[in-house]
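Hi there,

Here is the structure I promised to pass on. Have a look at it first, and then read on for what turned up.

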Amino acid sequence: LLQMSEDAFREWAEGSPVRRARHEGLARNLALVLGNRGEERHLPVLDDARQNHTSPVVREAAKWGASELRRRLDASE
């Protein structure tokens, strides 16, 4: 979902209350959730969003999410 395009989001969310969150809001929240609860396999997705997402809000959330996830993974070793 974090890598979903705006057009794909519109199609996916058509007729659903999740559409109220809008694409940017959903992507931002997903990046934060992955930072808090994600697994190592989510790091490439967060790094991709941090570097390539069209929204600066999502890029910043993905930056935090990747940093937080790395911190949590390091602490569990």
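Arg-22 is exposed in this predicted model, with a relative accessible area of 63%, which is over the 50% cut-off. This arginine belongs to helix 2, which covers residues 22-37. Arg-22 also has a positive phi, about 65°, even though it is not a glycine. As background, most residues other than glycine have a negative phi.

Arg-22 turns up again where helix 2 meets helix 1 (residues 6-13). The axes of these two helices come within 10 Å and cross at roughly 95°. That angle lies between 65 and 115 degrees, so helix 1 and helix 2 count as roughly perpendicular to each other. On the helix 1 side, the contact is made by Glu-6, Phe-9 and Trp-12, and on the helix 2 side by Arg-22, His-23 and Leu-26. By class, these residues are three nonpolar, one polar and two charged.

Now for the inside of the model. What makes up the largest nonpolar core? It has twelve residues: Leu-2, Ala-27, Ala-31, Leu-34, Leu-43, Leu-46, Ala-49, Val-58, Ala-61, Ala-62, Ala-66 and Leu-69. In soluble globular proteins, nonpolar side chains tend to be buried together.

Leaving aside neighbours within four places in sequence, Leu-34 is in contact with Leu-2, His-42, Leu-46, Leu-69 and Arg-72.

The other helix pair to look at is helix 3 with helix 4. Their axes come within 7 Å and cross at roughly 150°. Because that angle is over 145 degrees, helix 3 is roughly antiparallel to helix 4. The crossing of helix 3 past helix 4 is left-handed. From helix 3, Leu-43, Leu-46, Asp-47, Ala-49, Arg-50 and Gln-51 take part, and they meet Arg-59, Ala-62, Lys-63, Gly-65, Ala-66, Leu-69, Arg-70 and Leu-73 of helix 4. This contact has seven nonpolar, two polar and five charged residues.

Not counting residues up to four places away in sequence, Asp-47 touches Ala-66 and Arg-70.

Best wishes

How values were computed: Residues are numbered from 1 along each chain as its sequence is written. This is a predicted model: local features need pLDDT of at least 70, side-chain atom pairs count only at pLDDT 80 or more; totals for chains, interfaces and linings use all residues. Side-chain values use heavy atoms; hydrogens and water are left out. Helices (H or I, at least four residues) and strands (E, at least two) are DSSP runs, numbered from the N terminus. Buried means under 20% relative accessible area, exposed over 50%, partly exposed in between (1.4 Å probe, protein chains only). A nonpolar core is a set of buried Ala, Val, Leu, Ile, Met, Phe, Trp, Tyr and Cys residues joined through side-chain atoms within 4.5 Å. Contact means heavy atoms within 4.5 Å. Axes are lines fitted to C-alpha atoms, for helices over the stretch in contact, and angles run from 0 to 180 degrees between N-to-C directions. Angles under 35 degrees count as roughly parallel, over 145 as roughly antiparallel, 65 to 115 as roughly perpendicular and the rest as oblique. A crossing is left-handed if the near helix is turned anticlockwise from the far one by less than a right angle, and right-handed if clockwise. Ala, Val, Leu, Ile, Met, Phe, Trp, Tyr, Cys and Pro count as nonpolar, Asp, Glu, Lys and Arg as charged, and the others, Gly among them, as polar.
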